[in-house]
Amino acid sequence: MRRTINLKKGLNLNLVGGLGSDAPVAIPLPARVAVVPDDFPGFLPKLDVAEGDRVECGSPLLRDKNDGRIKLVAPMGGTVEAVVRGARRKIERVVVKVDPSAGTAGMTPFDTADAATVTEALMASGLWAMMRRRPYDIVPLPDDKPRSVMVTAMDTAPLAPSLEKMVADRRTDVEAGIRVISKLSAGPIYIGIEQGSSLPDFSGAEMVEFPRLHPAGNPGVQMANIDPVNKGEVVWTLDIVTLARIGHLAMTGQADWSVDVAVTGSEVNAPRIEKTVAGAALETVLEGELKAGAEHLRVISGNVLTGVPVGKDGFLRFPYRQVTVIPEGDNADEFMGWASMSPSKMSVSPSFIGRFLNRKFKPDARINGGRRAMIMSGEYDKVFPMDILPEYLVKAILAKDIDRMEALGIYEVAPEDFALAEYVDPSKLELQKIVREGLDYLRSEV
């Protein structure tokens, strides 16, 4: 029996550049792939390789300084071309020049009945780092005993692809993944799906239906409406594609680093899904995909709300499933600027003509106004489907008031849960950055 949860708060952004087909198209292998430690909060990187080293697919590139068993691995074999460092020699990415003839660092199928063996295998394979824990929204700790596990099988972000179609023919992998994860969790495994989903009921998991209203696809939002996280409790979250990878690893001893990437956005000729590998160079992903003569573009690895600007010469970033290309907007010249009442103007207010007509919008990267003092407008609450007062929580984070943060529910949230609030915010605050810094501060102090 499936459970259904109805959410009334949220907002779907109706944007130009959505997918025309869900059928993935194979593209050439990328010339380079990269692993970016910043994609894995809580992971403190230590190099396992040097420039010029030969690596196989699945060979460790980085390990966690706090626990060397947790590794980030090469999604393709080849030669380590560059270790890119930033300020204070921080490791920003490790780039591998792909060699299709390179081998695979294989494992053997492991005993899924033994929790210690499962943990070691997931940490060595690189898949452990693709899960998250609440509180703090970081890579799980090896000694975690999660109260429950939340698997999301839906992505409600703007222009996002369908997760359930990515695993439509992988039922065996998903059920094997459930058996593996169940050995590490003391409680139930929930799978969040869209209302009317065609996914079957999976043995060992409870299926919970949500409406397709963003941010209902966020695992934190799903868990908050099923069984909220309290102080002292640990919950793990992951998406169903990662769950299928875990099951595939358990059965075959090989981690599957192939990915289906939705190339979307108003500046893409024909939005489609491409089959490539995790961390692929975007020059391969975007080759021939951008509109002729398009300039001043923002290339985002991810969606327009939570993605990372990477540029045309960047790399596909975790969770490796979407690239969005929109105008930068720095060369825009429109009559009356921000005060324009043009039907093409994008706004959450129904008083705007474009919103009233329910038309599709072509956004750019401008914030349309300057940053200012925090305005207590109540706008956050309209799009925040969790039993939390987001404005007061943000104020507590800015004040570094730990007791107030705990009382207001910081253990339940992740930066992505504030992405819509950031979009509608009249104060133009970087809410996701504020929440990330607040979680890191809380973790360092508690």
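1. The radius of gyration is taken here over C-alpha atoms, and the rule for a globule is 2.2 Å times the number of residues to the power 0.38. For the 446 residues of this protein chain, a compact globule would have a value near 22 Å; the chain has 21 Å, so the two agree. The model under review is a predicted one.

2. As to overall dimensions, the C-alpha trace spans about 65 × 50 × 50 Å along its principal axes. The secondary structure of the protein chain consists of 12 helices and 19 strands.

3. Of the 446 residues, 54% count as buried. Among contacts with a separation of 6 or more, 68% are made by residues 24 or more positions apart. The accessible surface of the chain amounts to about 19300 Å², and carbon and sulfur atoms account for 49% of that area.

4. Regarding charge, the chain carries 53 positive and 60 negative side chains. The centres of these two sets lie 2 Å apart.

5. Five aromatic pairs are found in a search of the whole structure. One of them joins Trp-128 and Trp-236: the ring centres are 5.3 Å apart and the planes meet at 80°, and because planes over 60 degrees apart count as edge-to-face, this pair belongs to that class.

6. Phe-318 and Tyr-320 are both buried. Ring pairs also bring in Phe-40, which forms a cluster with Phe-318 and Tyr-320.

7. Phe-318 is joined to Pro-319 by a cis peptide bond, with omega about 10°. Pro-319 is located in the loop between β18 (308-309) and β19 (322-327).

8. Pro-135 lies in the loop between β10 and β11 (148-152). The loop between β10 and β11 also holds Asp-137. Asp-137 has a positive phi of about 55°, although it is not a glycine. With a relative accessible area of 12%, Asp-137 is buried, because the limit for that class is under 20%.

9. Positive phi is found at His-296 as well, a residue other than glycine, with a value near 50°. His-296 is placed in the loop between α6 (282-285) and β17 (297-301). Is His-296 buried or partly exposed? Its relative accessible area is 38%, so His-296 is partly exposed, a class that runs between 20% and 50%.

10. Ser-21, in the loop between β1 (3-4) and β2 (25-26), is partly exposed at 37% relative accessible area. Ser-21 and Pro-271 are 250 residues apart along the chain, and their C-alpha atoms are separated by 8.1 Å.

11. Val-348 is in the loop between β19 and α7 (353-357) and is partly exposed, with a relative accessible area of 27%. The C-alpha atom of Val-348 is separated by 18 Å from that of Gly-370, which is 22 residues away along the chain.

12. Gly-369 is found in the loop between α7 and α8 (379-382), and its relative accessibility of 36% makes it partly exposed. What separates the C-alpha atoms of Gly-369 and Arg-88, in residues along the chain and in Å? Gly-369 and Arg-88 are 281 residues apart along the chain, and 33 Å lies between their C-alpha atoms.

Notes
Residues numbered from 1 in each chain as written. Predicted model: local features only at pLDDT ≥ 70, side-chain atom pairs only at ≥ 80, totals over all residues. Heavy atoms only, no water. Helix = DSSP H or I, 4+ residues; strand = E, 2+ residues; numbered from the N terminus. Buried < 20%, exposed > 50% of the residue type's maximum accessible area, 1.4 Å probe, protein only. Contact = heavy atoms within 4.5 Å. Areas by Shrake-Rupley, 256 points an atom, 1.4 Å probe, with all protein chains shown as cover. Lys, Arg positive; Asp, Glu negative; His and termini not counted. Charge placed at Lys NZ, Arg CZ, Asp CG, Glu CD. Phe/Tyr/Trp six-rings, centres within 6.5 Å; stacked < 30°, edge-to-face > 60°.
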